[in-house]
Amino acid sequence: MEYTLFLIMLIFLFSLSTPLQSSAPPDHQSLLTFKAAIISDPNNSLANWNTTIPMCNWTGVTCSPNSQQVVKLNLRAMDLQGVISPALGNLTALVALYLPFNELHGSIPAELGKLTRLVNLILIGNYLTGTIPPSISNFSALDQLDLSKNNLHGPIPPEIGMLTRVRFLYLYANQLSGSIPSSIGNLSNLVVLQLLANNLTGPIPREIGNLNRLKQLKLFYNDLSGTIPPEIGNLTALIDLILVGNYLTGTIPPSIANVSSLDQLDLSENNLHGPIPPEIGMLTRVRFLYLYANQLSGSIPSSIGNLSNLVVLLLEANKLTGPIPREIGNLKRLEQLELFYNDLSGTIPPEIGNLTALIDLILVGNYLTGTIPPSIANVSSLDQLDLSENNLHGPIPPEIGMLTRVQFLYLYGNQLSGSIPSSIGNLSNLVVLQLLANNLTGPIPREIGNLNRLKQLELFENNLTGNIPFEVGMLINLQTLNLWGNKLSGSIPVSLGKLSPNLELVDLSHNNLSGYIPGELMANLKNLDFYLNLSSNFLQGPLPEEIGKLVKAKAIDISSNKLHGMIPTTLAHCVSLERLNLSHNAFEGPILDTLGMLQNLKFVYLSFNFLSGEIS
């Protein structure tokens with residue numbers, strides 16, 4: 001008996017000196033359970049996850065050298081399909097869980113909340129659904145949480161405010177709804193907050209001003225409302241503030257001036273009103289300033305000239321009034337200046353010529369007056385110049401020919417007068433030239449034939465005179481030739497038959513053209529898929545047989561000329577034709593029965609000719 005008691009006592013003492021073994025399942029069993037929930041592994045990434053190979057040698061698995069427990073699981077972009085097994089919650093030593101850019105579906109298991117040592121949880125780019133589990137509040141050591149580009153819905157749980165060590169929080173491109181919880185203000189270590197592209201509503205919480213280490217705040221393309229809180233001015237480390245595409249109202253808070261570190265400020269596509277605060281001129285580091293598509297009013301503050309690092313300035317689609325400030329000429333690094341569709345008045349300041357880095361200058365749709373400043377020639381880097389739909393007058397300055405890099409030149413809808421300068425022929429990179437709806441006079445310069453990259457030539461609704469120059473036929477890439485509504489005379493040059501077979505639209509109507517319609521032109525229009533309009537001229541002779549080559553044309557209008565003879569039978573080949581107008585000529589003979597076979601034909605005008613019969 002004494003021996004038995006001694007033995008029991010010895011076993012008891014030995015047990016006190018020996019560590020207790022964990023009853024939790026081994027990590028390898030948890031990983032195998034995870035693998036069992038993967039229904040497709042097309043790259044055989046998990047092929048070596050088996051009982052014959054040590055767990056710490058499995059693909060994507062990193063173990064602690066001391067405990068041999070899993071500390072990192074990285075299965076990035078392996079095309080895995082299936083669900084995230086709750087068994088991963090048993091990997092109690094896990095520090096990093098990376099499952100991004102797979103095809104995982106189902107919900108985020110609440111059991112992951114047991115991973116209290118987790119520093120990085122990256123699930124971006126899957127098909128996860130359900131809500132963000134409140135159990136994420138257990139991740140007290142978390143540095144980075146990325147649940148972006150999934151199909152998560154429901155609110156951002158207020159428990160997210162318990163992740164006080166988190167520095168990078170990415171929840172963008174989901175279907176999250178509800179308001180941004182005020183508890184977000186507890187995340188005092190936050191450096192990046194990206195909640196963009198969700199369905200979030202309600203105001204931006206004032207508590208966001210507590211995040212004084214924040215460098216990126218991206219809330220764009222949600223349904224946020226209310227005002228921009230003045231506390232935004234507390235974010236003195238902020239580099240990117242992007243709120244575009246919400247329903248924010250009120251004014252731009254002057255406190256924005258405190259965020260002197262800003263590189264990008266985007267408040268576009270909201271309902272902001274009131275003036276652009278002059279304090280904006282204190283953001284001297286900003287390179288990208290987007291305030292377009294709001295209801296901003298008042299003048300552009302002269303302090304904008306202080307933003308010497310500005311590369312892009314987009315203020316279009318507001319209600320801004322007053323002149324373009326001369327100080328805008330200080331922005332020597334500016335590449336994009338877009339002020340279009342406002343109510344700006346006054347002249348284009350000559351200081352615009354100081355913007356020697358400018359690529360896009362777009363001022364269309366204002367009430368600008370005066371002349372086009374010759375200093376525009378200094379902006380030799382311009383790719384796009386759009387001064388259309390203003391009240392500009394005077395001539396097109398010959399200096400415009402110095403813009404040899406420009407591809408898109410829009411001056412339409414003004415009161416420009418005088419002739420088109422021959423220097424326009426120097427613009428060898430020009431793709432689109434639109435000078436329509438002005439008071440331009442004189443001939444089309446022959447030098448226009450140098451523009452061999454030109455695709456659109458639109459000079460209509462002016463008072464141009466003289467012949468259509470032979471050189472127009474040298475525009476081998478032309479797709480649109482639109483000269484209607486001028487006083488052009490002479491015959492249609494045969495050289496137009498050499499135009500690009502990609503020509504889509506030819507409109508020479510409402511001029512004083514005479515002579516015959518060249519068959520070579522018709523023969524080359526086989527790809528013209530919009531319309532041919534030669535109406536309201538003094539053209540004579542027969543309609544050439546080659547008109548049948550216009551098999552893609554949807555409309556042909558040759559009305560109100562002096563054409564005669566029979567309607568050519570080849571017209572029946574124009575199978576795409578929807579509208580045909582041959583009225584007010586002197587055509588004779590029977591109406592072609594074959595016209596009735598054109599199944600797409602909806603409108604036919606043959607009146608005021610000498611035709612007989614009817615379309616059957």
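Guide: Two strands are said to pair if DSSP finds at least two bridges between them. The model under discussion is predicted.

Visitor: How many bridges join β4 to β6?
Guide: At least two bridges are needed for a pair of strands. β4 and β6 run parallel and meet this condition. Within the pair, Gln81 stands opposite Glu103 in β6. The number of bridges joining β4 to β6 is three.

Visitor: Which residues of strand β6 point to the buried face?
Guide: The side chains of β6 (residues 103-106) alternate between two faces. His105 stands opposite Tyr127, in strand β8 (residues 127-128), which is joined to β6 by two bridges in the parallel sense.

Visitor: Where is Asp79, the residue that has a positive phi although it is not a glycine?
Guide: The phi of Asp79 is about 60°. Its relative accessibility is 34%, and Asp79 therefore counts as partly exposed, between the limits of 20% and 50%. Asp79 is found in the loop between β3 (70-74) and β4 (81-83).

Visitor: Is Ala173 buried or partly exposed?
Guide: Ala173 also has a positive phi of about 60° without being a glycine. Ala173 is placed in the loop between β11 (168-170) and β12 (175-178). Buried would require under 20% relative accessible area. Because its relative accessibility is 26%, Ala173 counts as partly exposed.

Visitor: Which strands stand at the edges of the open sheet of 10 strands?
Guide: The order of this sheet is β28-β30-β32-β34-β36-β38-β40-β42-β44-β46, with parallel pairing. A strand at the edge has a single partner, so one side of that strand is left without a neighbour in the sheet. The strands in this position are β28 (393-394) and β46 (610-612).

Visitor: Which residue of β44 stands opposite Gly565?
Guide: On one side, β42 pairs in the parallel sense with strand β40 (residues 538-541) over two bridges, and Gln540 stands opposite Lys562. Two bridges also join β42 to strand β44 (residues 586-590), again in parallel. Opposite Gly565 stands Phe587.

Visitor: Which residue of β36 stands opposite Thr465?
Guide: Strand β34 (residues 463-467) and strand β36 (residues 487-491) pair in the parallel sense. Their pairing extends over three bridges. The residue of β36 opposite Thr465 is Lys487.

Visitor: Which backbone oxygen lies 3.1 Å from a polar atom of the side chain of Asn462?
Guide: Asn462 is found in the loop between β33 (456-458) and β34, and it is buried, with a relative accessible area of 4%. Its side chain reaches the backbone oxygen of Phe460 at 3.3 Å. Beyond four places away in sequence, the residues that Asn462 touches include Asn438, Gly485 and Asn486. The backbone oxygen at 3.1 Å is that of Leu435.

Visitor: Which strands do the buried residues of helix α2 pack against?
Guide: Helix α2 covers residues 27-36. Its buried residues are Asp27, Ser30, Leu31, Leu32 and Phe34. These buried residues pack against β1 (38-40), β2 (61-63), β3 and β4.

Visitor: Why is the pair of Trp49 and Trp58 stacked?
Guide: Phe34, Trp49 and Trp58 form one aromatic cluster. Trp49 is buried at 1% relative accessibility, and Trp58 is buried at 3%. The ring centres of Trp49 and Trp58 are 5.3 Å apart, and planes under 30 degrees apart count as stacked. The pair is stacked because the angle between its planes is 20°.

Visitor: What is the angle between the planes of Phe340 and Tyr341?
Guide: Phe340 is buried, with a relative accessible area of 18%, whereas Tyr341 is partly exposed at 41%. Their ring centres are 5.6 Å apart, and the pair is edge-to-face. The angle between the planes is 85°.

Visitor: Over the ring of which residue does the charged end of Arg579 sit?
Guide: A charge counts as sitting over a ring when it is within 6 Å of the ring centre and within 35 degrees of the ring normal. The charged end of Arg579 is 4.6 Å from the centre of the ring in question. That ring belongs to Phe603.

Methods:
Residues are numbered from 1 along each chain as its sequence is written. This is a predicted model: local features need pLDDT of at least 70, side-chain atom pairs count only at pLDDT 80 or more; totals for chains, interfaces and linings use all residues. Side-chain values use heavy atoms; hydrogens and water are left out. Helices (H or I, at least four residues) and strands (E, at least two) are DSSP runs, numbered from the N terminus. Buried means under 20% relative accessible area, exposed over 50%, partly exposed in between (1.4 Å probe, protein chains only). A polar contact is a pair of N or O atoms within 3.5 Å; within protein, one must be able to donate a hydrogen and the other to accept it, and residues adjacent in sequence count only if both atoms are side-chain atoms. Contact means heavy atoms within 4.5 Å. Rings of Phe, Tyr and Trp (its six-membered ring) pair if their centres lie within 6.5 Å; planes under 30 degrees apart count as stacked, over 60 as edge-to-face and the rest as tilted.
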